[in-house]
Amino acid sequence: MESKRSSSPKTRSTSYGSSGTEYEVFLNFRGPDMRNTFTNCLYHTLLNKSISVFIDNEEIDVGEEIGPEIFQAIDDSKICIPIFSRDYASSSWCLCELEHMMQHRKTNELEVLPIFYDVEPSDVKLETGVYKDALTLHKKERGAEIVQRWEEALKEVTKIKGWDAKNIGHGELAHLIAQKVLVKLKVSCVHISDHLVGMDESVDEVVNLLNFESKDIRLIGIGEWVE
């Protein structure tokens, strides 16, 4: 089994050109809220772990539609991380991305790891007015049918265990998330030739022994058995 992890980290904006590029993480966030704060910290932490990241570096103007390359980037990613800020639901762009990733999660092996930055899961679940008011405004512009799909995506994502960003530093939280991402990716930096048969179970055992979420130092010796 050969690793599919990239040898160097990648980042793209809406202007990336090649289709079919595989990413490991897609970051979904409202730019004015998060671009230069926690998202920036998380992005660089992931890059420092050699994790390939798709982050959109362009703001969309009011009335503009999301380009197909954004949806393609979601489809090509292994993990999507929506970061729910106070004004997240005011962005139709964020909601479109969320709807697409939640639909993609149903039919593909896509992990969605939500972060509740300065909101509660109950806010995202529309049990309060924090997001509900923004969705009411969207109905006037986008129509009830589209907004209903967004509401379903928001409620669905709250069923996934995520992170609460309150009472924890940005650096510490970004480190915890990066470690979780590495575990989810199984850190396939171990290169094994494709012609070896029956090695998947052994590789999984080694990855479990490494226990990337542990703060302890671990040493694993792998030797050759000679009769």
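Reply: A salt bridge, as the word is used here, is a side-chain nitrogen of Lys or Arg within 4 Å of a carboxyl oxygen of Asp or Glu. The model is a predicted one, and by this rule the count in it comes to seven salt bridges.

The part to look at begins with Asp164 and Lys166, whose side chains meet in a salt bridge with an N to O distance of 3.0 Å. Because 3.0 Å falls within the 4 Å cut-off, the pair of Asp164 and Lys166 is counted. Lys166 also meets the side chain of Glu120 in a salt bridge, again given as 3.0 Å from N to O. This second pair links distant parts of the chain, for Lys166 sits in the loop between strand 6 (163–164) and helix 8 (170–185), while Glu120 sits in the loop between strand 5 (115–116) and helix 5 (121–124), and the two residues are 46 apart. Taken together, Glu120, Asp164 and Lys166 are linked in a network of salt bridges.

How covered are these three residues? Lys166 is partly exposed, with a relative accessible area of 32%, and Glu120 is likewise partly exposed, at 35%. Asp164, at 41% relative accessibility, also counts as partly exposed. The reason for that wording is that buried means under 20% and exposed means over 50%, with partly exposed in between.

Asn167 is placed in the loop between strand 6 and helix 8, and it has a positive phi of about 65° although it is not a glycine. Asn167 is exposed, with a relative accessible area of 85%. In general, most residues other than glycine have a negative phi. Leu126 is a further case, with a phi near 70°, a positive value in a residue other than glycine. Leu126 lies in the loop between helix 5 and helix 6, and with a relative accessible area of 8% it is buried.

Another salt bridge joins Asp33 and Arg30, and there the closest N and O atoms are 2.5 Å apart. Asp33, at 22% relative accessibility, counts as partly exposed.

Cys41 is in helix 2 (residues 38–48) and is partly exposed, with a relative accessible area of 23%. Leaving aside residues up to four places away in sequence, Cys41 touches His170, Gly171 and Ala174. Cys41 and Glu172 are 131 residues apart in sequence, yet their C-alpha atoms are 10.0 Å apart in space.

In soluble globular proteins, nonpolar side chains tend to be buried together. The largest nonpolar core here has 32 residues, and of these Phe84, Leu98, Met101, Tyr131 and Leu154 touch the most other members. Strand 1, helix 3, strand 3, helix 4, helix 6 (129–142) and helix 7 (144–157) each supply at least two residues of this core, and the largest share, seven residues, comes from helix 4. Leu98 itself touches Asn28, Pro82, Phe84, Tyr88, Ala153, Leu154 and Val157, not counting residues up to four places away in sequence. Apart from this core lies another, of 27 residues, which has Phe29, Val53, Tyr117 and Ala165 among its members.

For the setting as a whole, the protein has nine helices and six strands, and buried residues make up 41% of its 227 residues. Among contacts between residues at least 6 apart in sequence, 78% join residues at least 24 apart, and the pair of Lys166 and Glu120, 46 residues apart, links distant parts of the chain too.

Notes
Residues numbered from 1 in each chain as written. Predicted model: local features only at pLDDT ≥ 70, side-chain atom pairs only at ≥ 80, totals over all residues. Heavy atoms only, no water. Helix = DSSP H or I, 4+ residues; strand = E, 2+ residues; numbered from the N terminus. Buried < 20%, exposed > 50% of the residue type's maximum accessible area, 1.4 Å probe, protein only. Contact = heavy atoms within 4.5 Å. Core = buried A, V, L, I, M, F, W, Y, C linked by side-chain atoms within 4.5 Å.
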